[in-house]
Amino acid sequence: MTKLTLNGRTYEVEADPEMPLLWAIRDHLNLTGTKYGCGIAQCGACTVHVDGQPVRSCQTRLGDVGEGKITTIEGISGPVAEAVRTAWRQLDVVQCGYCQSGQMMSAIGLLSENRTPSDADIDAAMDGNVCRCGTYQRIRAAIHDAARSLA
């Protein structure tokens, strides 16, 4: 039995500690906003926050989370999350939408640390978040818009 703090609530998950966190979130806790993309931490679709830092849940073992506080797309809140959510809607970032929870989690991670990111900062923070629809320009613009709204 593994105890997790997820989106502000404590859960007990009966699963192998070697199980990827992604499967505990999706299959055991039924939170499906975090997506499976590649399974090798290269696409970013599975991005969640552990103690405020973006991590790839497909390669983070359940047993390695320890007492870390996990936040999924379903649990994001606060001014940075709201600024990102608003910018995403206003700029119509989403096309197919599959990668967007991971994109947003990475953007929130960036803006939580850096409220005035340059294009290079955005590119570095978003590196490894793949959008098969190619909405990268809208993602960058939305991050800049969210940053301006936080200023």
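Me: Where do the domain bounds come from, and how is the chain divided?
Reply: Domain bounds come from an automatic or database domain assignment. Here that gives domain 1 (2–71) and domain 2 (79–150). The model is predicted: local features need pLDDT of at least 70, side-chain atom pairs count only at pLDDT 80 or more, and totals for chains, interfaces and linings use all residues. Numbering starts from 1 along each chain as its sequence is written, and side-chain values use heavy atoms, without hydrogens and water.

Me: What makes E18 and R61 a salt bridge?
Reply: The rule asks for a side-chain nitrogen of Lys or Arg within 4 Å of a carboxyl oxygen of Asp or Glu. The closest N and O atoms of E18 and R61 are 3.1 Å apart. Therefore the pair passes. E18 lies in the loop between β2 (9–13) and α1 (21–28), and R61 in the loop between β4 and α2 (62–65), 43 residues apart. Helices (H or I, at least four residues) and strands (E, at least two) are DSSP runs, numbered from the N terminus.

Me: What makes E18, R61 and D64 a network?
Reply: Salt bridges link these residues. R61 also meets D64, at 2.9 Å, N to O. D64 is partly exposed, at 48% relative accessibility.

Me: What makes a set of residues a nonpolar core, and which residues have the most contacts inside the largest one?
Reply: The set must be buried Ala, Val, Leu, Ile, Met, Phe, Trp, Tyr and Cys residues, joined through side-chain atoms within 4.5 Å. The largest has 23 residues; V84, W88, L111 and I143 have the most contacts inside it. α3 (79–90), α4 (100–113), α5 (119–126) and α6 (136–150) each supply at least two of its residues. Another core, of 15 residues, lies apart from it and includes M19 and V50.

Me: How do you know how much area is buried between the domains?
Reply: Buried area is the accessible area (1.4 Å probe) that two parts lose on being put together, summed over both. For domain 1 and domain 2 the value is about 960 Å², with 50% from carbon and sulfur atoms. The count of salt bridges between them is 0.

How values were computed. Buried means under 20% relative accessible area, exposed over 50%, partly exposed in between (1.4 Å probe, protein chains only).
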